[in-house]
Amino acid sequence: MKKVRLPPLGSLRAFDVVAQQNSFKRAAEEIGVTATAISHQIRVLEEALGTAVFERSAREVRLTAAGEILRQATRQAFAGLQAAVEDIHHAARPAALTLTTTSNFLTHWLVPRLADLKSAAPDMDLRLHTGIELVDLSRNTVDVAIRYSESADETLNSTLLYQDTFVLVASPSLRLTTAEELAGATLFHVENRHIPQPSPDWENWRQHFGPATLKLDSGLRFTDETHAIQAAIAGQGVAIVSSLLAHDFIEKGILSTPFLHHLPGANYYLVTTKEKAERADIVILRRWLLDKMSTIPRM
């Protein structure tokens with residue numbers, strides 16, 4: 001039996017859209033051609049099939065019995081083609097890069113530099129996640145993490161980004177010049193710090209730098225370092241905070257470090273699984289982070 005040739009694809013596409021829209025005019029608008037061009041394609045199709053696929057009237061366009069059969073086939077065929085094209089486009093796009101870190105690091109360090117990262121890596125599809133829970137990177141829901149710890153996790157690919165310290169910050173409006181003046185200032189305490197140990201708190205500060213008259217039970221208590229930083233910016237008291245998180249405010253003169261002393265901090269690491277360590281977008285992110293971190297002085 002001789003194989004019947006398929007009608008031209010353009011005529012089948014025109015038919016499918018007319019059948020969907022029940023209108024030659026609306027089909028023409030969707031495809032972006034004239035109604036005359038649509039009519040021509042339908043005529044080519046009907047000549048190839050040897051039968052009408054539409055019944056036309058002044059009010060409507062209706063499928064014939066042959067048109068109903070063809071419509072079932074074209075609906076399935078073009079839906080499959082659309083899905084295939086979308087899959088190809090999706091596969092050609094770079095994979096999304098999901099990064100998890102703390103809200104404090106994201107707010108005070110990363111967000112102000114996102115435009116620079118976008119300029120350095122315009123094709124990177126970065127997704128940001130924050131939380132205090134340690135995300136299991138092996139589950140592949142997250143690709144990389146910026147973690148704060150005292151030592152590297154040997155089970156993961158860890159890159160040391162920054163060795164942190166804790167500094168005393170205050171608004172320049174407080175005009176602090178001597179350690180004794182701290183006894184009259186409002187102390188901001190950041191609670192629930194688990195890293196580093198010993199904790200960079202006021203007791204530790206008094207022990208190392210004084211003054212002995214510092215009242216450790218006074219002041220305000222925060223569970224989030226961001227809030228302590230904001231209160232210090234507002235000139236409401238003094239806080240001991242991460243030098244990295246306070247860096248931009250210090251550099252702009254919004255906060256001051258009236259004393260050269262600092263307490264030891266932990267380390268910022270970029271971590272990922274060993275299997276993903278050489279993924280192109282992770283390599284780019286790692287290089288960018290190292291470059292930016294290298295410009296920040298250690299206090």
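**Exercise 1.** Against which helices and strands do the buried residues of helix 2 pack?

*Solution.* The model is predicted: local features need pLDDT of at least 70, side-chain atom pairs count only at pLDDT 80 or more, and totals for chains, interfaces and linings use all residues. Residues are numbered from 1 along each chain as its sequence is written, and side-chain values use heavy atoms, with hydrogens and water left out.

Step 1. Helices (H or I, at least four residues) and strands (E, at least two) are DSSP runs numbered from the N terminus. Helix 2 covers residues 24-31, and its buried residues are Phe24, Ala27 and Ala28. Buried means under 20% relative accessible area, exposed over 50%, and partly exposed in between (1.4 Å probe, protein chains only).

Step 2. Seen down the axis of helix 2, these buried residues fall within an arc of 100°, so they line one face of the helix. The arc is taken from the directions from the helix axis to the C-beta atoms. Lys25 and Glu29, on the other side of helix 2, are exposed.

Step 3. The buried residues pack against helix 1 (9-21), helix 3 (35-49), strand 1 (54-56) and strand 2 (61-63). Contact means heavy atoms within 4.5 Å.

**Exercise 2.** Name the edge strands of the open sheet.

*Solution.* Step 1. The sheet has 8 strands in the order 4-3-5-10-6-9-7-8, with mixed pairing. Two strands pair if DSSP finds at least two bridges between them.

Step 1. Strand 4 (126-130) and strand 8 (220-222) are at the edges; each has a single partner strand, so one side of each is left without a neighbour in the sheet.

**Exercise 3.** Describe the surroundings of strand 9 (residues 238-242).

*Solution.* Step 1. Strand 6 (residues 157-169) runs antiparallel to strand 9 and is joined to it by 4 bridges. Valine 169 has alanine 239 as its bridge partner in strand 9.

Step 1. Strand 7 (residues 187-190) pairs with strand 9 in the parallel sense over 2 bridges. Here phenylalanine 188 has alanine 239 as its bridge partner.

**Exercise 4.** Which residues touch the most other members of the largest nonpolar core?

*Solution.* Step 1. A nonpolar core is a set of buried Ala, Val, Leu, Ile, Met, Phe, Trp, Tyr and Cys residues joined through side-chain atoms within 4.5 Å.

Step 1. The largest core has 38 residues, of which Trp109, Val169 and Leu285 touch the most other members. Not counting residues up to four places away in sequence, leucine 285 touches Leu97, Leu99, Leu117, Met124, Val144 and Leu270.
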